[in-house]
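Please walk through the model below, strand by strand, then out to the domains and the chain contact.

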2 protein chains.
Amino acid sequence: MTFTVFGTGAVGGYYGGRLAEKGNTVHFLARSDYQDIKEKGLTIQSPKGDIYLETPSVFNTAREIPASDALLIALKTTGNANLKDQIAPLVHKGTALIVLQNGLGMEEEFQSWFPHNPVLGGMCFICSRKIAPAVIEHQDYGLMTLGALSPDDLELRNRVGALLEAASVPVTLVDDLHEARWRKLLWNIPYNGLTVALNCNTHDLMTHPDSRHLVRILMEEVVEGAAACGCTIEAEAVDKMLSFTDKMTPYEPSMKLDFNYTRPMEIEYMYDRPLQEASSRGYEMKSVSMLRDQLKFIQNRYL
Amino acid sequence: MTFTVFGTGAVGGYYGGRLAEKGNTVHFLARSDYQDIKEKGLTIQSPKGDIYLETPSVFNTAREIPASDALLIALKTTGNANLKDQIAPLVHKGTALIVLQNGLGMEEEFQSWFPHNPVLGGMCFICSRKIAPAVIEHQDYGLMTLGALSPDDLELRNRVGALLEAASVPVTLVDDLHEARWRKLLWNIPYNGLTVALNCNTHDLMTHPDSRHLVRILMEEVVEGAAACGCTIEAEAVDKMLSFTDKMTPYEPSMKLDFNYTRPMEIEYMYDRPLQEASSRGYEMKSVSMLRDQLKFIQNRYL
């Protein structure tokens, strides 16, 4: 099975790097880093073992990339409005679209663009970031939760999962992709938004009682929102997620890094879509909505 | 009727200044500004006419101030925990306590400390600030809404109101002080908190659609909270308050100035007390609560 990584950043570079390290054919699409990767190779610093790809198959335009069996879509969702046209040259008969983005509703959108291609979703529980051109620092974790949009593609999901596992990526296979997306939001919605709104990291949020209370309130709303959308997240998941985050090294989530570097934030897929879906089922996530409004204000004012 | 201004800042200095200008006996208690006022007098720059008190009756300790008929209590509520002992030397038989502070529940607290003294509440709709030691800049407005905690003191309320009116202070007399306090919160809760949480002024809040939406959501919750507490604020008050603020010169409310100058913020009386009162009547102001938590985080982290 051959892969193309669409977006060689902290996430795409890491997972693509692991697959390439194991000997899989992996093409990398890069933009700002293209020249650096071409000249110096791709470096991934990781507590689970550093990776150095001396001569990766790197491209700066989609049209030149050879056909591959699967696309790992690892660009930020802020670019999704233009993504259909950008990936079209790479989507052939049977090409699997594996969506490694954060948020809700991306897989359904990809499926609507390419109705005959299999669509998988991968939720990446990873702390990683780009620390220099062509250099990714993997800080911690790395589990990928993998599901298929259609039950027809469970076999494909299993094959992709097995290849990732073989490349030292822990994988959890899930049957309900929609529910898994909501479960990921349980972490993403409070921590991404609050670290931006309060200009802090996860440790700050957890150690101040008032922000910790905010995290809990938001999580509880996400649980209710998910339930309205038919996804049961057990109530204990909130406490589990809180203690998990207690143990994390102080961390700035991706949206906080976007804010730091004055890049657009992933508000639409991480906040608007879940709010819309829950609202359409009759549940208003009021605190999530308030956080979303604050993020949009910050986005418009500073980014 | 003689007055003592307890706290010669942007509010106490202005109203006390107007009363003194008109020839009323007014004693001023000042702290950091004491020496400056003593040496240079008290200056109030105002579009409604500048005031210069060359030799005001100024003190830096309560014990030296002669007995007066009324105290204008114009310190921030952040100091209320110690206020009982501080004003005790000035509270004689019949001394009226006129509370010019922002928030909810102050008058009841003063009454509990001094059960036999009349307590009035004055809501000051004023844009003013101290721009230098002994110099207050009155920017706009100045209406005082005046009510009595007990119906026994309506006559006193009328007398105080008449003296203020005679001193060029527009006064609205209200019969329901509790309701008037909630009406003031309709403006104070959204604008004070959001200008801090989003680090901006009123104009910024009104011109970005997302923050404008937040202001409206918070106001609507205050209307509901007030209703739960038996205070009817008509729904149109929200739109009226929004268009009033649209017309204001861009303004940083008092809490934003406290934030700018890293002073404690008036979270307890402006947020905690209304939240508690509404909650005790069965209504949770969820968005107000979220804003309060954010303010407490900011308070603990930066101030």
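In this predicted model, B:Met144 stands opposite B:Val171 in strand E10 of chain B. That strand covers residues 171-173. The partner strand is E9(B), and 3 bridges join the two. They run parallel.

E9(B) has other neighbours. Strand E8 of chain B, residues 119-132, pairs with E9(B) in the antiparallel sense. The pairing runs over 12 bridges. One of the pairs can be picked out by name: B:Gly122 has B:Leu146 of E9(B) as its bridge partner. E8(B) and E9(B) form a hairpin, with 2 residues between them. B:Ala134 sits in that turn and has a positive phi of about 70°.

Strand E3 of chain B, residues 42-45, also pairs with E9(B), which spans residues 135-148. Here the sense is parallel, over 3 bridges. B:Thr43 has B:Val135 in E9(B) as its bridge partner. As background, side chains in a regular strand alternate between the two faces of the sheet.

Now turn to the domains, taking chain A. Domain 1 of chain A covers 3-175, and domain 2 covers 179-302. Their C-alpha centres lie 24 Å apart. The contact between them takes 18 residues from domain 1 of chain A and 17 residues from domain 2 of chain A. Which strands each supply at least two residues of the domain 1 side? They are strand E8 (119-132) and strand E9 (135-148) of chain A. By class, the domain 1 side that touches domain 2 of chain A has 5 nonpolar, 10 polar and 3 charged residues.

Next come two helices of chain B. Helix H6 spans residues 177-197, and helix H11 spans residues 267-280. Two packed helices are described by the angle between their axes and the distance between the axes. The axes of H6(B) and H11(B) come within 10 Å. They cross at roughly 115°. The crossing of H6(B) past H11(B) is left-handed. On the H6(B) side, the residues that meet H11(B) are B:Leu185, B:Asn188, B:Ile189 and B:Asn192. H11(B) answers with B:Met270, B:Tyr271 and B:Pro274. By class, this helix contact has 5 nonpolar and 2 polar residues, with no charged residues.

The last step is the contact between the chains. Chain B gives 17 residues and chain A gives 17 residues. On chain B, helix H8 (209-228) and helix H12 (286-302) are the elements that give two or more residues to the side touching chain A. Which helix of chain B gives the largest share? H12(B) does, with 9 residues. By class, the chain B side has 6 nonpolar, 6 polar and 5 charged residues.

How are the two chains related? A rotation of 180° superposes chain B on chain A, with 0.0 Å of shift along its axis and an RMSD of 0.0 Å. The two copies are therefore related as by a two-fold rotation axis. In chain B, the C-alpha nearest that axis belongs to B:Ser287, 3.1 Å from it. Now compare the two sides of the contact. Of the interface residues of chain B, 100% are also interface residues in chain A, so the copies meet through the same surface.

Conventions:
Residues are numbered from 1 along each chain as its sequence is written. Chains are lettered from A and ligands numbered from 1 in the order in which they are written. This is a predicted model: local features need pLDDT of at least 70, side-chain atom pairs count only at pLDDT 80 or more; totals for chains, interfaces and linings use all residues. Axes are lines fitted to C-alpha atoms, for helices over the stretch in contact, and angles run from 0 to 180 degrees between N-to-C directions. Helices (H or I, at least four residues) and strands (E, at least two) are DSSP runs, numbered from the N terminus. A crossing is left-handed if the near helix is turned anticlockwise from the far one by less than a right angle, and right-handed if clockwise. Two residues are in contact if their C-beta atoms, placed from the backbone, lie within 7 Å. Ala, Val, Leu, Ile, Met, Phe, Trp, Tyr, Cys and Pro count as nonpolar, Asp, Glu, Lys and Arg as charged, and the others, Gly among them, as polar. Copies are superposed by least squares on the C-alpha atoms of residues with pLDDT of at least 70 in both. Domain bounds come from an automatic or database domain assignment. Two strands pair if DSSP finds at least two bridges between them.
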